[in-house]
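Work through the exercises below with the sequence and the model side by side. Try each task before reading its solution.

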Amino acid sequence: MLPRSFFERDPVPCARDLIGCELIWGEARGIVVETEAYDAEDDAACHTFSRPSARTFVAKHQPGTAYVYFNYGVHWMLNVLVKGNRQGFVLIRALEPVAGLEAMILARGTNIPTQLCSGPGKLARALGVTGDDHGRDLCSDPQRCFLAAGASLPVAVGPRIGISRAMDFPWRFHVPANRHVSHFRSQDRPRPSHGRS
DNA sequence: TTCGTGATAGAG
DNA sequence: TCTATCACGAAG
């Protein structure tokens, strides 16, 4: 299980290093293939920027705590609180499922493996993450934690997805050419451009 | 490309 | 109270 010290670091390197780690969630397991970093201080896209409750959460919890919230009236989002020199969150955006597929298929209503956890909302649905998990310590329960990366995977960096502020920060990390990431568009193959760069 | 859905927060 | 906004996903 990843020790708390793993999360006693800045959000950006922490987000990058979570790629390739395994998320254990009860019977379910998956390799983390996509993350995003959010910085509690200078990042206008971070909840702490506009939500007092998020600032309180950061102040009152230790690193390695789950920060879960409901968005668009539909989706739960799973983040991990990290506190190093800088504080913030790492959003878990996509997993490559490796165990507990049956339950995921049931929860998601699809049996296409690459669509079970290929997005933050999908992942939470597949694993059964809800508001009950908000504030849960992910460094003490072997059924709700991360495992260190088994193999070193290639990591690509780019701008974050789905936000409307601080869009220029290259704080999204993912495994290139992995079909379990969200917004997969054969990113390693040249695709036709229609005038736009 | 559209639209549903509900929690949160700030304004009135 | 009212309204804007939102780290999404699915259907079209």
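A residue is near a molecule or strand if its C-beta atom, placed from the backbone, lies within 6 Å of it. With this cut-off, strand 4, strand 5 (87–99) and helix 5 each supply at least two residues of the surface near DNA strand C. The model is predicted.

**Exercise 1. Describe the fold of chain A and state how compact chain A is.**

Solution. Start with the elements: chain A has five helices and eight strands. Then turn to size. The radius of gyration of chain A is 16 Å, close to the 16 Å given by the globule rule for 197 residues, so chain A is as compact as a globular protein of that length. Finally, along the principal axes, the C-alpha atoms fill a box of roughly 50 × 40 × 35 Å.

**Exercise 2. Find how strand 3 and strand 4 are joined, and examine their hairpin.**

Solution. Strand 3 covers residues 66–71 and strand 4 covers residues 75–83. The two run antiparallel and are joined by six bridges. To check one pair, take Tyr-69: its bridge partner in strand 4 is Met-77. Now look at the hairpin, where three residues lie between the strands. There, Tyr-72 has a positive phi near 55°.

**Exercise 3. Identify the residues around DNA strand B and sort them by type.**

Solution. First list them: Ser-50, Arg-51, Pro-52, Ser-53, Phe-70, Asn-71, Tyr-72, Gly-73 and Val-74. Then assign them to elements: helix 3 (52–60) and strand 3 each supply at least two residues of this surface. Sorting by type gives four nonpolar, four polar and one charged. Tyr-72, the hairpin residue with the positive phi, is one of the residues on the list.

**Exercise 4. Which residues come nearest to DNA strand C, and how does its surface divide by type?**

Solution. There are 22 residues around DNA strand C. Of these, Leu-91, Gly-119, Gly-121, Lys-122 and Gly-162 come nearest. By type, the surface divides into 11 nonpolar, nine polar and two charged residues.

Note on methods:
Residues numbered from 1 in each chain as written. Chains lettered and ligands numbered in written order. Predicted model: local features only at pLDDT ≥ 70, side-chain atom pairs only at ≥ 80, totals over all residues. Pairing = 2+ DSSP bridges. Helix = DSSP H or I, 4+ residues; strand = E, 2+ residues; numbered from the N terminus. Nonpolar A, V, L, I, M, F, W, Y, C, P; charged D, E, K, R; others polar. Rg over C-alpha atoms; globule rule 2.2 N^0.38 Å.
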